[in-house]
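Please keep the model open beside you as you go.

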Amino acid sequence: MAHHIHNNSQRDPPPQSQPITQSTPQQPIVRLNPSQQQPSPNCLLHYMLPRKRASEGVVVEEEDNANNSNFNTINKCECEGASAFSKNKKLRIAEEDADSTNNNNNNSNHNHSSGGIVVEQEQEQGEEIPIMGLGNANSQDIDEDLHSRQLAVYGRETMRRLFASNVLVSGLQGLGAEIAKNLILAGVKSVTLHDEGTVELWDLSSNFVFSENDVGKNRAVASVQKLQELNNAVVVRYLTTKLSKEQLSDFQAVVFTDVNFEEAIEFNDYCRNHQPPIAFIKTEVRGLFGSVFCDFGPEFTVVDIDGEEPHTGIIASISNDNPALVSCVDDERLEFQDGDLVVFSEVHGMTELNDGKPRKIKSARAYSFTLEEDTTNYGAYEKGGIVTQVKQPKVLKFKPLREALADPGDFLLSDFSKFDRPPLLHLAFQALDKFVSELGRFPVAGSEEDAQKLISVASDINESLGDGRVEDINPKLLRHFAFGAKAVLNPMAAMFGGIVGQEVVKACSGKFHPLYQFFYFDSVESLPTEPLDSSDFRPRNSRYDAQISVFGSKLQKKLEDAQVFIVGSGALGCEFLKNVALMGVSCGDQGKLTVTDDDVIEKSNLSRQFLFRDWNIGQAKSTVAASATALINPRLNIEALQNRVGPETENVFDDTFWENLSVVINALDNVNARLYVDQRCLYFQKPLLESGTLGAKCNTQMVIPHLTENYGASRDPPEKQAPMCTVHSFPHNIDHCLTWARSEFEGLLEKTPAEVNAYLSNPSEYSTAMMTAGDAQARDNLERVLECLDKERCEIFQDCITWARLKFEDYFVNRVKQLIYTFPEDAATSTGAPFWSAPKRFPHPLQFSAADPGHLHFVMAAAILRAETFGIPIPDWVKNPKKLAEAVDKVMVPDFEPKKDAKIVTDEKATSISTASVDDSAVIADLIKKLEQCQKNLPSGFRMKPIQFEKDDDTNFHMDMIAGLANMRARNYSIPEVDKLKAKFIAGRIIPAIATTTAMATGLVCLELYKVLDGGHKLEDYRNTFANLALPLFSMAEPVPPKVIKHQNSSWTVWDRWILKGNPTLRELLQWLKEKGLNAYSISCGSCLLYNSMFPRHKDRMDKKMVDLAREVAKVELPQYRRHLDVVVACEDEEDNDIDIPQVSIYYR
């Protein structure tokens, strides 16, 4: 869906002289040819001054003048210079004109500084230089528009801790760049890039920030500008000389991706002894092997081990016993575990439990648990009560690297089929370190001599371990390890970049459980199935040499010639595009990559979808992503489309398109689209690589023709929906209040104005339709339209205030009075049980007060939005509490008398709160007459303006209204209120998302892509993954095979499609099935029956062509691009048993 983007959230676009012309969202297709992708080599680099937080924890008061002397004094060290680059350096996405340094980004709260100075390349090597000057902004500010999805994962406190954290990333090959990217997107205070080496062509296999023009430059220098573009609120610096231990004291966390064990131990010891300790991470990827080691100090406190909301339960009873048994309502299963601590609140009778003291539970069951407490002498339980889990901090004691190498403890496992692998890889990485220190180089790919040398070193180390030695050092595996040891592969860098990026966030914030302490991983199954000759690994002087050194040149050719379809170019899509570009997928003469996405870029995308910049807001995602990806690898043959993939676009994605594909990669955000693509891949027998993320969790699923089950073969259970009566009258949590609030918002501001317009556009047609329907729904519609145009019609802004004030009275006073009049506090059900028993909560009406900010804010938001629907200008004074209160006080609020015969729905199975009446049709006729009279009083051409809910614009008052509705209702029912941000997550159904999880998921999928494009891999070579970076947990397993159906001597699965060519008749089709031992008794096309053996007249159709039957009987339209039609055939065997057979495709052209 294309969301409305307000102009104030867009920066001026790059000037027209840019090497890449950004397309407007309206363009349907952008075709990027390699010849068009080369940016001008002579373009000048200009610097956009970022909006930065104050450095070194100094809070700088915001002032109108960004260049005040105070700022220059405090931030002098940050403003002395900018990073050194050659003047003809090209940018990856687009460049800013020099003037744009003065253009404020209107959607930011930060001011710009103008203190950045471009420093020439001759700058003395090794001096630490901030990439740009710092702006002055309060370090506590969180840009909620930008970080909303990340805030949904981390919360404000974790984000603030990140904002105060300085991180060092040492080693800027592919892995270092991926880690830095994820941290910069997350919004740490600063990232310092360190590398003493220079860019080689070899590095282009894995590092997305390097181009061929960067070869020969220092890696850190070549990376800094492009990484800075990702988030201007992060200071990005570089260091190019040898690190000293003392320099580490500037950081909260340090990551080393390319350091030997001797130096690592030295750095680690310094970090542990520093006060406070500095979190130390050593990680590396070597070919298809990777490792991580974490040491966060002698004692590290984890504030929140899993990031999940505390579990709660609604109490039904508590026994006076030792130990006490607590039973909860069977509304939802309890998620408590033995040993959890819980607190009680709102308990009536046994009030001793309401003291807020955490209590330990045991014998946790689905709906009950026992309390380790004697309640014998407590008051008897009467009613009510909420039990809430208390999350406990956890203290971890890390071992230093020098100890952990000899005594690693338990390894974090990822694949239970390789449970013996981590100790071996622990040995292999030490052997490689010794090999490199002795020979001064890595083993050469394909060199048996080097491989044997590494195996020998590993064997020697192993023998020295005594009882701790590995039983089998697996020379075959170590040979693969040696061959790929020099290479950093992009999918491995992406995967480990996600994992390590998350570990840094944990170290800086205490949020989530750290990796404790070693993690090893390999994906040797990704190697080609055929044995390779040593000559296959030789470098070709190409950007893919590192990848060729692992997989050989034959697989590289297959990658380059692949026809790939990526569906979606959001967070997953951007990562996939970057990965495939670096791998060389679709970069050959025969290759083509098609990406499609019908969405446009919004500000909230920028914290994860790293190919986009703020000047791209409002543009088509696929177009911008394709342009950016073509800069990562100019040889990429990419076509960007803005089509949704579905039945309505089968003329775009036609049979020929699907038949020519090598593989499909899903990067979608909804299940229905995934199921459609799955059906297409099943039909055309194409591999589908599926993945998804939810906060710190991700899963990947490989759908491989004839080997695995398809995506749709297994479904998650549907989410539990609260009954209509609970939401409408008996809420017991804030989710119910917000669901009701969103529904009321849409009814008042979107549906009713739309109904009004439908009536005014064609009164007679609308009236006829309502008379024909004649039901409670039609009556309700007419009542709402009449109310809107008559009693509640607004002509001036004061009318809108009156409407809003009376809505407050209706929702939060009168309706509650009616409810408790109909069901008083002592009411009983038909069985004699108390009506107001758990989970129902007895409500209390509110008393409006202009002195209550919540009451006043609701009236303001409701009045402003009501005025918008009527096209009434909104005066500035409405945002002045005093003047608004005066206007509200003028409103006459009528007294309310509860009705004796009010009908309130209490049936949990009811799907509507409208109650049908015997005289609906008479009421409808009367309403239509009144509407006709009312219409005559309206100005000519009068129409209302329906408002569509938009959660991501904080200036539109939509969330203010919804949060106001929900919180006032929560007050009625004594439910804890939520702030606007939390309300936005729930009512806006925001999916929590972070860059680290996305990166890891796409890395895992691309390791499978090697297998798919190589071909010939068995089921046991593939891996599906579920991972949770918060725990951390990695669970990999081979995919499930498809269900096999057997009949006589043949068998088939869901992947099979039976094809009949030659434009057959019905008789020929039946005979063809008969030869397979199958009697067809029914054949249908779509929803139409073409043949049934029970109908004698169907015998007349025997000699008709199947395609003609489809046209004549089923009225099927067969467009020119279609060459076949599909029929569903129901069959029996000779014993009259039904047999499920595959879909049958009849080719008629």
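The model is a predicted one, in which local features need pLDDT of at least 70, side-chain atom pairs count only at pLDDT 80 or more, and totals for chains, interfaces and linings use all residues. Numbering runs from 1 along each chain as its sequence is written, and side-chain values use heavy atoms, with hydrogens and water left out.

**Exercise 1. Describe the chain as a whole.**

Step 1: Begin with the secondary structure, which comes to 30 helices and 33 strands; helices (H or I, at least four residues) and strands (E, at least two) are DSSP runs, numbered from the N terminus.

Step 2: Next comes burial, where 57% of the 1149 residues count as buried. Buried means under 20% relative accessible area, exposed over 50%, and partly exposed in between (1.4 Å probe, protein chains only).

Step 3: Now take the contacts (heavy atoms within 4.5 Å). Among those with a separation of 6 or more, 75% come from residues 24 or more positions apart.

**Exercise 2. Work out the surroundings of Asp306.**

Step 1: Find Asp306 in the loop between β9 (300-302) and β10 (312-318). Its relative accessible area is 22%, so Asp306 is partly exposed.

Step 2: Leave aside neighbours within four places in sequence, and Asp306 is in contact with Lys391, Phe512, Ala1030 and Leu1031. Ala1030 is 724 residues away along the chain, yet the C-alpha atoms of Asp306 and Ala1030 are separated by 5.4 Å.

Step 3: Look for polar contacts (a pair of N or O atoms within 3.5 Å; within protein, one must be able to donate a hydrogen and the other to accept it, and residues adjacent in sequence count only if both atoms are side-chain atoms). The side chain of Asp306 makes one with the side chain of Lys391 at 2.4 Å, and a polar atom of the Asp306 side chain lies 3.1 Å from the backbone nitrogen of Glu308.

Step 4: Leu1031 counts as partly exposed because its relative accessibility is 36%.

**Exercise 3. Which strands pair with β29?**

Step 1: Strand β29 covers residues 1079-1085, and five of its seven residues are buried.

Step 2: Two strands pair if DSSP finds at least two bridges between them. β29 is joined by five bridges to β31 (residues 1124-1132), running antiparallel, and by four to β30 (residues 1088-1092), also in the antiparallel sense.

Step 3: Ile1083 stands opposite Val1129 in β31 and opposite Tyr1091 in β30.

Step 4: Finish at the hairpin of β29 and β30, with two residues between the strands; Gly1086 in the turn has a positive phi of about 65°.
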